[in-house]
Amino acid sequence: MKRLLLTLLGAVCAVCAMQAETHYKPHISMGARAGISLSRMSFSPGVTQSWLNGTSGAITFRYTEERIFGIIAEFGWEQRGWKENFKEADDFLDYSRSLTYLRLPVMTHIYFGSRRFKCFVNLGPEVSYMIGDKIKSNFDYANPGDVEGFPANRMVSQMSMDIANKFDYGIAAGLGCEFYVQPRHSIVLEARLYYGLGNIYPSKKADIFSASRSMSLEPTVGYNFRLK
């Protein structure tokens, strides 16, 4: 048993030594990605809603130094927000609020696979700033009580309240794959989830909402070019 343990220990030490002597060339890539966003809000008290469709896109920068590890930074935009669900009113009412953000995520990039095809996981923080607020409605959302057939006992404050916090921050996590057309050219498919930690409305004890956080699902397609 002692001999087996010593043999295994020696093998592990040899592998570690070989890894320490191995140097990987750093790779630097730039590219772009674009797609759609499906978003809604996490309100407390709750608001009956469905997913809102929007657009998203970004310029990407990626640095990889180890065999399976790298860092990705992006600068782009995303349309978030929510769409009110009026099923109890037979959906003849329509209200949605689209919030456009400039965003900057910085994520850890973990990848694995062959030289032509790789799968990856991205995870990291994201900060964003709202530059647009657009409301679409087919009724007077400022006075919903005057609208014939409007559902009773429904939370309505969120429809007309001004956005108090334009700055947002949260966590982004993505899962995808990358196909190399040529050694320096690749196509990237990714599905990314964002969960905001900041509130768009005031959230003190005396305020209406204790939470009003963004969350979105973002499928995109992108292109990367390896500079180095």
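Residues are numbered from 1 along each chain as its sequence is written, and side-chain values use heavy atoms, with hydrogens and water left out. Because the model is predicted, local features need pLDDT of at least 70 and side-chain atom pairs count only at pLDDT 80 or more, while totals for chains, interfaces and linings use all residues.

Strands are DSSP runs (E, at least two residues) numbered from the N terminus, and two strands pair if DSSP finds at least two bridges between them. Strand 5 (residues 95-113) and strand 6 (residues 117-137) pair in the antiparallel sense over 17 bridges. These two strands form a hairpin with 3 residues between them. Within this pairing, Tyr95 has Ser137 of strand 6 as its bridge partner. Strand 6 also pairs with strand 7 (residues 167-182), again in the antiparallel sense, over 13 bridges; here Ala172 in strand 7 is the bridge partner of Gly124.

Rings of Phe, Tyr and Trp (its six-membered ring) were taken to pair if their centres lie within 6.5 Å, with planes under 30 degrees apart counted as stacked, over 60 as edge-to-face and the rest as tilted. By this rule there are 10 aromatic pairs. One of them joins Phe43 and Trp82 in an edge-to-face arrangement, at 5.2 Å centre to centre and 85 degrees between the planes. This pair links distant parts of the chain, since Phe43 belongs to strand 1 (residues 27-44) and Trp82 to strand 4 (residues 69-84), 39 residues apart. Both Phe43 and Trp82 are buried (under 20% relative accessible area, 1.4 Å probe, protein chains only).

A cavity is a set of points, on a 1 Å grid over the protein atoms alone, where a 1.4 Å probe fits but cannot get out; its lining residues have an atom within 4 Å of a point. The count comes to 1 cavity of 30 Å³ or more. The largest cavity has a volume of about 160 Å³, the volume being the space filled by probe spheres set on the points, which are joined across faces, edges and corners. Its lining comprises 21 residues, of which Thr60, Ile72, Glu74, Val188 and Asn224 lie nearest the centre. Strand 1 gives the most to this lining, with 5 residues.

Technical notes: Helices (H or I, at least four residues) and strands (E, at least two) are DSSP runs, numbered from the N terminus. Buried means under 20% relative accessible area, exposed over 50%, partly exposed in between (1.4 Å probe, protein chains only). On a 1 Å grid over the protein atoms alone, a cavity is a set of points where a 1.4 Å probe fits but cannot get out, and a pocket is an open set with protein on both sides within 12 Å along at least five of seven lines; lining residues have an atom within 4 Å of a point.
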